[in-house]
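I opened this entry to look up confidence, helix packing and salt bridges. The notes are in the order in which I checked them.

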Amino acid sequence: MVQRREDTERNRVEITHPKGNLSAVSANVAVRPLDRRTRVGRRVMEMKEQIMADLGGERYLSEMQKMMAEQMAGLQVLINDEMTRYLEHGEVSGFYLPALNTFNRLSRTLGLERQERGVNEPMDLESYLGKRRQ
């Protein structure tokens, strides 16, 4: 029997399965829209924006690239959480390595190199002033 426990203080859901069958676990997890009011939700959105900026900016990305950027951001939060749990408590979960492998595949698909904007492309005032200060 899959057990689901919400940890509202840490903004996460802990799922356990007596046999460790991850496919059974993932089948029982309800997918909800990301709540941007939570600390985790804000962190995922910040990371998504950073990834999209590295790829050249949101306006230059396809919808598929934007979705992949959000998935990468969510996976990074999960990976960090799993690593913290391991370092603090010595607990190892079956989610860490699959999440890390998926993250690495998404990284290769989107690209690891930062994409710079062209010289003649429009720039807002804040970006222009930021470049001048550098």
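What follows is what I looked up, topic by topic.

**Confidence.** I am working with a predicted model. The mean pLDDT of the chain is 76, and 67% of its residues reach 70 or more. I then looked up residues 21–31, where the pLDDT is below 50. Beyond near neighbours in sequence, I find ten contacts in the model for this stretch. Where pLDDT is low, the predicted coordinates should not be read in detail. I leave those contacts there.

**α2 against α3.** At what angle do helix α2 and helix α3 pack? I get about 130° for α2 (residues 39–54) and α3 (residues 63–89), with the axes 8 Å apart. I class the two helices as oblique to each other, because angles over 145 degrees would be needed for roughly antiparallel. The crossing in which α2 passes α3 is right-handed. On the α2 side I list V40, R43, V44, M47, K48, I51 and M52 in the contact. On the α3 side I list K66, A69, E70, M72, A73, G74, Q76 and V77. By class, I note nine nonpolar, two polar and four charged residues in the contact of α2 with α3.

**α3 against α4.** I looked next at helix α4 (residues 96–110), which packs with α3 at an angle of about 145°, the axes being 9 Å apart. I record a left-handed crossing for α3 and α4. Among the α3 residues in this contact are M68, M72, L75, I79 and M83. The α4 residues they meet include Y96, L100, F103, L106 and L110. I note a division of 13 nonpolar, six polar and one charged for the contact of α3 with α4.

**Salt bridges.** How many salt bridges are there? I count six. One that I looked up joins E46 to R43, with the closest N and O atoms 3.5 Å apart. E46 and R43 are three residues apart in helix α2, so about one helical turn separates them. R43 is also on my list for the contact of α2 with α3.

How values were computed: Residues numbered from 1 in each chain as written. Predicted model: local features only at pLDDT ≥ 70, side-chain atom pairs only at ≥ 80, totals over all residues. Heavy atoms only, no water. Axes fitted to C-alpha atoms, helices over the stretch in contact; angles between N-to-C directions. Helix = DSSP H or I, 4+ residues; strand = E, 2+ residues; numbered from the N terminus. Parallel < 35°, antiparallel > 145°, perpendicular 65-115°, else oblique. Left-handed = near helix turned anticlockwise from the far one by under 90°. Contact = heavy atoms within 4.5 Å. Nonpolar A, V, L, I, M, F, W, Y, C, P; charged D, E, K, R; others polar. pLDDT = per-residue confidence, 0-100. Salt bridge = Lys/Arg side-chain N within 4 Å of Asp/Glu carboxyl O.
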